[in-house]
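Colleague: I have a model open on my screen and would like to learn how to read it. Could you take me through it, one feature at a time?

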Amino acid sequence: MLKLSPLVLLLTLPLLPSTPYAGLPLWAWASLGASLFYAIVLILAIENEWDEERSDG
Amino acid sequence: MDKGLLDTQGIIFLLLYLVSLIGIGIVGLLRSKESSMQDFYLGGTGFGVTVLFLTMYATQYSGNSLIGFAGSAYRNGWFFLVSVTFMIAIVGGYMLYAPKLYLLSQKHRFITIGDYIRHRYDHRLLTNIIVFIGILALSNYMLTNLKAIGYILEYVTGGTVGFAEGIIAMAIIMVIYETLGGMRSVAWTDAIQGILLLAGVLIIFSVIWVQYGSISSNEVLLLQVKADFFREPLLTDKIKWLSIVVMIFFGISVYPQAVQRIYAAKDAKTLKRSFQLMIIMPLLTTLPLIIIAIIGAAHFPDLDKNSSEQIILLMLSKLTHIEGMQYVITLFVAAAVAAIMSTVDSAMLAIASLFTQDIYHQHNPEASQKRLTLVGKLFSWILMAVMVYLAISLPSTIWWLIQIKLEILCQIAPAVMLGVHFKELRSSSILYGLLFGLGFTLLFLLSPLPDRPFGFHAGVLGLLLNSIIITTHHRLKNVLQ
């Protein structure tokens, strides 16, 4: 998960339209959501895979 | 002379804070266990989660994060949310090598990034190029942050403290506490500076949210005065977004001072927890700054580039009729000064260690640890004097250098990241990749060719070429053998 996690960053690209919603364009909400998702993935990956990363190779 | 933003109480608070940093330097000196490079430059590798996390945080969030990010968000609108993404992504970059590098550093007692490169590749030229790139990037960082501190002090004191005087005073304070206690002093002062930075951002965000209204309540105003913030993202915007994230993911995560903090952790669990905390910080620091600046853009829509950098101070200065606001302004100034100092002192420590360990020690292998530490301290004073002179005398037009430093720095990422994972990877593959990547990047940055070929930063395409050369050379060598 740790090595593939950077792919989640592609989801943060501004891909949706700019329709304002609660002060932010829709794409901005999506990018923020994807960044938050990436943060959670990273935290979990560090928690679960740090020791494997240290020992393999 | 203009009236400054800080009142007498504010100036006294700032002075007390600066004097306390020297006190921390003295405590760092008293707590040092031995006169060795390991103790001086890594604090004896004994930092727990609180200090390690706060020093990583304060070092990564420079004055640019506080002042420059707000200015960029003011000018670029919601597009600058890319900074939240890339500040999180930096930790993703660390994760590609930090777990293994930490283990190696404990085994072989590394002090600098050069130590690792020398150990891994045993190639003098490759090590020298990487050390040189590290010193170049860090010097650039020091220079621009020193300039920023001069401008801030001149502005907030209404010219009572001049640009040059401000730089000189701050430089003397930093070099004193750094040479007293080394990494121990730097990390402890970083811890205070980190707390100031976080508290400052969150308090200012709350004040502005309450006084100027939320994002939602400013939507109509924003649509009227900054309609371009709501334009449809074009393909060029998407490419730019991707290019920025890639460049920062690989560039900032291999900063020599960041690598030193990985070595300085007490144990692996400490490092792991510090990184997990770092992932949350963009949401508590970068995001609030962007929101503040965009609310500011709704209320003060016509600022030019230079004025936009001071959007937060401008917003706060319009609230001085509110009781206690002077304290908030003082907190902002202290946070900005803290953010800059924590970055400059860490960069200075990293450059001094690179010079002492990777240049002086290599030419004087018999030098004792005591002598090496002394040389490092002396070098710090000389380095700071040179940087202060350059910061005062060079024109702001040299600031374009900041933009190219990451494009150059990210070229060393394959040497660090691939090196810890692929034991069979040869030094020659890494060297050719690095030379081609650097050559390509510099060709586009220093010639009339476009510095953003196909919309990507030249450094990002250079990194791609760098990786292709490494892979091709490695496979060809394997086939030929």
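Colleague: Let me begin with a helix. Which elements of chain B do the buried residues of α14(B) pack against?

Modeller: The partners of those buried residues are α4 (63–76), α5, α9 (163–212), α10, α13 and α16 (311–317) of chain B. Please keep in mind that this is a predicted model.

Colleague: Is α14(B) enclosed or open, and how many of its residues are buried?

Modeller: The way to judge is to count C-beta atoms around each residue: 20 or more others within 10 Å make it buried. In α14(B), 12 of the 14 residues pass, so the helix is largely enclosed by the rest of the structure. Among them are Thr286(B), Leu287(B), Gly296(B) and Ile295(B).

Colleague: What span should helix α14 of chain B have, and what does the model give?

Modeller: Take 1.5 Å a residue: the 14 residues of α14 (residues 286–299) of chain B should then span 20 Å. The end C-alpha atoms are 20 Å apart, which agrees.

Colleague: Which residues is Glu219(B) in contact with, leaving aside its neighbours within four places in sequence?

Modeller: Those are Pro20(A) and Gly23(A), which brings us to the other chain.

Colleague: How many residues does each chain bring to that contact?

Modeller: Chain B brings 34 residues and chain A brings 28. On the side of chain B that touches chain A, the elements giving two or more residues are α5 (82–95), α6 (98–108), α10 (219–225), α11 (235–251) and α13 (268–284) of chain B. The most comes from α5(B), with seven residues. Sorted by class, this side of chain B has 21 nonpolar, six polar and seven charged residues.

Colleague: What confidence does the predictor give the complex and chain B?

Modeller: As a general rule, where pLDDT is low, the predicted coordinates should not be read in detail. In chain B the mean pLDDT is 91, and 98% of the residues reach 70 or more. For the complex, the ipTM is 0.94 and the pTM is 0.92.

Colleague: Let us step back to the whole chain. How many helices and strands does chain B have, and what does its radius of gyration say?

Modeller: Chain B contains 22 helices and zero strands. For 481 residues, a compact globule would have a radius of gyration near 23 Å, and the 22 Å of chain B agrees. Its C-alpha trace spans about 75 × 55 × 45 Å along the principal axes, and 56% of its residues count as buried.

How values were computed. Residues numbered from 1 in each chain as written. Chains lettered and ligands numbered in written order. Predicted model: local features only at pLDDT ≥ 70, side-chain atom pairs only at ≥ 80, totals over all residues. Contact = placed C-beta atoms within 7 Å. Helix = DSSP H or I, 4+ residues; strand = E, 2+ residues; numbered from the N terminus. Nonpolar A, V, L, I, M, F, W, Y, C, P; charged D, E, K, R; others polar. pLDDT = per-residue confidence, 0-100. Rg over C-alpha atoms; globule rule 2.2 N^0.38 Å. Expected span 1.5 Å × (residues − 1).
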